[in-house]
Amino acid sequence: MIVACSKNDVKFEAFSAEAFAFDLGDGTAEVNATVRVKGFTQTEKDDNYKAEVAYEVDLIKPDSTVTKSVFKFVQNDEGKEPISDIALEAQFTLDSTYKSGTYTLVFNIADKNSENKIDSKVNFDLIWE
C-alpha cells in the first residue's frame, strides 16, 4: 500500500463548523453538528483512495464544565479519485437537566493514517420552549 499526499501538501485542518439544537418537545433536544476536514493522509492502491479520520466530541456547558465524548466515530471514505475533504457529523440528544444557554462543542480529530491531530470548536444555543 502506498501513502499518498495531496499534490499541494495541504495542511491538516478543520473548517466550516456548524452546530444547532432543537427542542423535540418531550424534554429532550437534539444536537446536530458538522465540520469538514482537509489535508489528511490518504492511501492509494489500484486507483482506490482511502482516508480514515477518527473524532470525539466534547461538550462545554455554559458554566464551563466539560462532558467528555458525547459523540465518537471513525469516518472511512474511499473513492476512485483523491479525496479533497471529508464531512464529520455528530448527532446526540440532551435532556432537560441541561439548562438553556450557549454551549460549545469541541471536535477532537485524528488522521488515522498520519497520527496528525487537530481540534475545532463551534458554539450553539440551547433554548427550551
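**Strand pairing in context**

Modeller: The protein has zero helices and nine strands. Both element types are DSSP runs numbered from the N terminus: helices are H or I, at least four residues, and strands are E, at least two. Along the sequence the pattern reads β-β-β-β-β-β-β-β-β.

The model is predicted: local features need pLDDT of at least 70, side-chain atom pairs count only at pLDDT 80 or more, and totals for chains, interfaces and linings use all residues. Residues are numbered from 1 along each chain as its sequence is written, and side-chain values use heavy atoms, leaving out hydrogens and water.

The average pLDDT (the predictor's confidence in each residue, from 0 to 100) is 93, and 94% of the residues score at least 70. Residues 1–7 fall below 50; beyond near neighbours in sequence, this stretch has twelve contacts in the model. A contact means heavy atoms within 4.5 Å.

Now the sheet. Three strands form an open sheet, ordered β2-β3-β7, with antiparallel pairing. Its edges are β2 (13–23) and β7 (86–95), each pairing on one side only. Twist averages 15 degrees from one strand to the next; axes are lines fitted to C-alpha atoms, for helices over the stretch in contact, and angles run from 0 to 180 degrees between N-to-C directions. Two strands count as paired if DSSP finds at least two bridges between them.

Take β2 and β3 (residues 28–38). Nine bridges join these antiparallel strands. E18 sits opposite T34 of β3. A21 faces V31, also in β3. The hairpin of β2 and β3 has four residues between the strands, and G25 there takes a positive phi near 85 degrees.

On to β3 and β7. Ten bridges hold this antiparallel pair. V31 stands opposite F92 in β7.

Another pair is β4 (residues 42–45) with β5 (residues 48–60): antiparallel, three bridges. E44 has Y49 in β5 as its bridge partner. Their hairpin has two residues between the strands, and D46 in it takes a positive phi near 50 degrees.

What packs against these strands? The largest nonpolar core has 29 residues, and V37, L105, F107, I109 and F124 have the most contacts inside it. Such a core is a set of buried Ala, Val, Leu, Ile, Met, Phe, Trp, Tyr and Cys residues joined through side-chain atoms within 4.5 Å. At least two core residues come from each of β3, β5, β7, β8 (101–111) and β9 (117–126). Beyond its neighbours within four places in sequence, F124 contacts residues including A21, V31, L94 and L105.

Q75 belongs to strand β6 (residues 66–79). Is Q75 buried or exposed? Q75 counts as buried because its relative accessibility is 19%; buried means under 20% relative accessible area, exposed over 50%, partly exposed in between (1.4 Å probe, protein chains only). Leaving aside neighbours within four places in sequence, Q75 contacts A51, E52, V53, Y55, I86, A87 and L88.

Last, the whole chain. The C-alpha trace spans about 55 × 25 × 20 Å along its principal axes. Of the 129 residues, 36% are buried. Among contacts with a separation of 6 or more, 64% join residues 24 or more positions apart.
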